[in-house]
Amino acid sequence: MKLQSLILAAILSTSFGSAMAVDYTSPTIVLEAGADNWTADFGTSHTIGNFTDTFTFSYSGVSADATGFVRNVQNKKSNIDFYSATLNGVALDLANGAKYSDIDFADLPVNGTLTLVITGKATGDIASYAGTIDVTSAVPEPTTYGMLLGGLGVVGFLARRRKA
């Protein structure tokens, strides 16, 4: 009888324990490419409890600067407070307010794969956040140098022709 009581107590304690949000790990998100920049939107949802989310982003890998934000808007039934956020190990700015929880970063030097790790706590039924990351190349592409040299060649040719 005592053993049955212990087993029943163990089952009930796990059933009524505190809720725990599930950690999220994204598949690699390939940033959409422009001429000298790349961008992507991302986000996820959580049920009640603490979480650690990991987002991985890839782009061409050239030396660049990353800028972005993450935001949760509190509603009557749910909220997220951010505890920490890092991009490739660099701590990001956090703000948890009455209506919004924000993560912001600007002009962080990057190259190669980007890893964003966010920790926090969700309250209420289900809470979500979303964000955007933009990566802008700090170094001109080789075609830019080619156009510059071609333009200088044309200007030099015209200047020489006018002298003669």
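This section describes the fold, strand pairing, nonpolar core, salt bridge and a surface patch of a predicted model.

The secondary structure of the protein chain consists of two helices and twelve strands. Along the sequence these elements follow the pattern α-β-β-β-β-β-β-β-β-β-β-β-β-α. Of the contacts between residues at least 6 apart in sequence, 80% join residues at least 24 apart. Buried residues account for 29% of the 164 residues in the chain. The accessible surface of the chain amounts to about 10,400 Å², and carbon and sulfur atoms contribute 60% of that area.

Strand β11 is paired with both β5 and β7. Nine bridges join β5 to β11, and the two strands run antiparallel. Within this pairing, Phe 57 has Leu 114 of β11 as its bridge partner. Strands β7 and β11 are likewise antiparallel and are joined by nine bridges; here Asn 79 stands opposite Thr 123 in β11.

The largest nonpolar core comprises 28 residues, and those with the most contacts inside it are Leu 31, Leu 87, Leu 114, Ile 118, Ile 133 and Val 135. Two or more residues of this core come from each of β4 (37-46), β5 (49-58), β6 (64-73), β7 (78-87), β10 (100-110), β11 (114-124) and β12 (127-137). When residues up to four places away in sequence are not counted, Ile 118 touches Phe 51, Thr 52, Asp 53, Phe 55, Val 70, Phe 82, Ser 84, Ala 85, Ile 103 and Tyr 129.

A search of the whole structure identified one salt bridge. It is formed by the side chains of Arg 71 and Asp 102, with an N to O distance of 2.7 Å. Because Arg 71 lies in strand β6 and Asp 102 in strand β10, the pair ties together parts that are 31 residues apart in sequence. The two partners fall into separate accessibility classes: Arg 71 counts as partly exposed, with a relative accessibility of 35%, whereas Asp 102, at 14%, counts as buried because its value is under the 20% cut-off.

A nonpolar patch is present on the surface, formed by Leu 148, Leu 149 and Leu 152, which together have about 330 Å² of accessible area. Leu 148 belongs to helix α2, which spans residues 142-163.

Notes
Residues are numbered from 1 along each chain as its sequence is written. This is a predicted model: local features need pLDDT of at least 70, side-chain atom pairs count only at pLDDT 80 or more; totals for chains, interfaces and linings use all residues. Side-chain values use heavy atoms; hydrogens and water are left out. Patches are made of residues with over 30% relative accessible area and no salt bridge: like charges are joined within 9 Å, nonpolar side chains (Val, Leu, Ile, Met, Phe, Trp, Tyr) within 5 Å. Accessible areas come from the Shrake-Rupley method with a 1.4 Å probe; for residues, only the protein chains shown count as cover. A salt bridge is a side-chain nitrogen of Lys or Arg within 4 Å of a carboxyl oxygen of Asp or Glu. Helices (H or I, at least four residues) and strands (E, at least two) are DSSP runs, numbered from the N terminus. A nonpolar core is a set of buried Ala, Val, Leu, Ile, Met, Phe, Trp, Tyr and Cys residues joined through side-chain atoms within 4.5 Å. Buried means under 20% relative accessible area, exposed over 50%, partly exposed in between (1.4 Å probe, protein chains only). Contact means heavy atoms within 4.5 Å. Two strands pair if DSSP finds at least two bridges between them.
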